[in-house]
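Subject: Structure handover

Hello,

Here is the structure you asked to have passed on. My notes on what was found in it follow below.

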Amino acid sequence: MAGVCCKCPVSLSVFKRSLCVAPRGGGSAPPRSLLQGWGRRGERGLLQEASRPCSALRPAGFYRHTALLCFSCQGSMSDSLRTCYVYLNQTSRSFAAVIQALDGELRHAVCIFYLVLRALDTVEDDMTIPLDKKVPMLNNFHTYLYQEEWCFTESQEKDRQVLEDFPTISLEFRNLAQEYRDVISDICHRMGVGMAEFLEKKVGTMKDWDQYCHYVAGLVGIGLSQLFSASQLEDPEVGRDTELANSMGLFLQKTNIIRDYLEDTMEGRAFWPQEAWSQFAERLEDFAQPEKLESALSCLNLLVTDALGHVPDVIAYLSRLRNQSVFNFCAIPQVMAIATLSTCYNNPMVFQRVVKIRKGQAVTLMMEATNMRAVQTIISQYSQEILQKVSLTDPSRDKTLHILAIIQERSALSQSSLPSKTHHLSPMYLSAAMLLAVLSWQYLSTTAAQAQGTGDMPGQ
């Protein structure tokens, strides 16, 4: 079993992009995994030559990326495990920090889970791999976890180091306790099969949209929930209730897809379900035309309403969590998502630019979303914001009002049933939250300035 780290407070230096973003590259559009919401866009990994062998020497300064872990944690880790944390920080600038804030051995399990799925996702994203080679790789990827020497050195993707040095990742996978290995292998298998299925399949019906989001995001939620329970930091029911866990992933994924309409269509990708957009336009890209604005907003509001249907499950899921680090890990992306949906709802800017929540708003959400009462208040506030924007003539008006009423009711019921000290924050957590706010604001300001100079638009 991987060594258990101490429970030191880790400064969460960034939660800049909690939702997923689209993969780069041409060709047919691959599935957009929630992993890409763990912070791939605009990040520079350790770029290795494709021909470099799996056991290539690491450059000087390689281990500086593990700085988020305390010195006692780093000192107790093997070289291979420290390397995994380097890869985590290189390939994710949003989830890397919150993963390293998880308690005990769960931290290692989630780190390896992330890297395994990142490697799988890198294969799926690489448009230079022919389908007759890619499909078997995706279907069989879970078996590589038990092949000590397996690696792939032909990828041209930015994060290819996780494939080239996969033996290091698979070694630490095999060092995990059996209950963690079983979860990671199972989710890797199911996700690989789903990715292979959607390589050439379009998101047609609303059912297809749910299924697609399940493969690339719902399975991540299910796997994480099972890891939480396996660690005994959360009750077994958290891992057993796959319906709630799936909804956690679908809510994030759908929010991201809705928000990124313009970016996706400009790059030739279509993730809005045809069953929805075909009610209002001949082509999905027509929504970007000013004369199609009314139809565009009708479709946008329909999809936002569909995504809001997952919020009652989100409330139920978060209400079950008891460990503070797990709660923070799960709650922050969800409140970011509902804030983003509120910003997107009935907003013409969705069809003109990338819509995002303000930096100060993001920092406030990160500071406040540390207990269930606060999360319920946030959800209630943003659902009220959406309610005020509902048009009398919107085709989805009745459905929108219905789900908003349910959300308000569930929020009130959940708050009334909470004990007064649920997720009570100690001074240590309050100090960490304050430090998080300062560091996050500095990070978001810096990346925004860099993006203006490089043309890479940061999102929240």
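A residue is called exposed when its relative accessible area is over 50%, buried when it is under 20%, and partly exposed in between. Gln232 reaches 69% and therefore counts as exposed. Please keep in mind that this is a predicted model.

Overall picture. The protein has 20 helices and zero strands. Of its 460 residues, 60% are buried. The accessible surface is about 17,900 Å², and carbon and sulfur atoms hold 53% of that area. Among contacts with a separation of 6 or more, 76% are between residues 24 or more positions apart.

Backbone. Gln232 sits in the loop between helix H9 (206–230) and helix H10 (236–240). Its phi is near 70°, which is positive although the residue is not a glycine. Asn346 belongs to the loop between H16 and H17 and is partly exposed, at 27% relative accessible area.

Helix H5. Which residues of H5 (131–140) are buried? They include Lys134, Met137 and Leu138. These three lie on the same side of H5, because they cover an arc of only 95° around its axis.

Met195 and Tyr215 are 20 residues apart in sequence, and their C-alpha atoms are 6.9 Å apart.

Core. In soluble globular proteins, nonpolar side chains tend to be buried together. The largest nonpolar core in this model has 129 residues. Phe141, Trp272, Phe287, Tyr317, Leu318 and Phe329 have the most contacts inside that core. Leaving aside residues up to four places away in sequence, Trp272 touches Val203, Ile257, Ile258, Tyr261, Trp277, Leu284, Phe287, Cys299, Leu300, Leu303 and Phe351.

Aromatic pairs. The count comes to 16 aromatic pairs. In one of them, Tyr261 and Phe287, the ring centres are 6.3 Å apart and the planes meet at 50°, so the pair is tilted. Tyr261 is in helix H12 (261–266), whereas Phe287 is in the loop between helix H13 (274–277) and helix H14 (293–308); the pair therefore ties together parts that are 26 residues apart in sequence. Both Tyr261 and Phe287 are buried.

Phe287 also pairs with Phe351, this time edge-to-face, at 6.1 Å centre to centre and 65° between the planes. How many residues apart are Phe287 and Phe351? The separation is 64 residues, with Phe287 in the loop between H13 and H14 and Phe351 in the loop between helix H16 (324–344) and helix H17 (359–368). Phe287 has 1% relative accessibility and so counts as buried. Phe351 is buried as well, with a relative accessible area of 4%.

Elsewhere, Phe141, Tyr144, Trp150 and Phe166 form one aromatic cluster. Phe141 is also among the residues with the most contacts inside the largest nonpolar core.

Regards

Definitions and conventions
Residues numbered from 1 in each chain as written. Predicted model: local features only at pLDDT ≥ 70, side-chain atom pairs only at ≥ 80, totals over all residues. Heavy atoms only, no water. Buried < 20%, exposed > 50% of the residue type's maximum accessible area, 1.4 Å probe, protein only. Helix = DSSP H or I, 4+ residues; strand = E, 2+ residues; numbered from the N terminus. Arc of directions from axis to C-beta. Core = buried A, V, L, I, M, F, W, Y, C linked by side-chain atoms within 4.5 Å. Contact = heavy atoms within 4.5 Å. Phe/Tyr/Trp six-rings, centres within 6.5 Å; stacked < 30°, edge-to-face > 60°. Areas by Shrake-Rupley, 256 points an atom, 1.4 Å probe, with all protein chains shown as cover.
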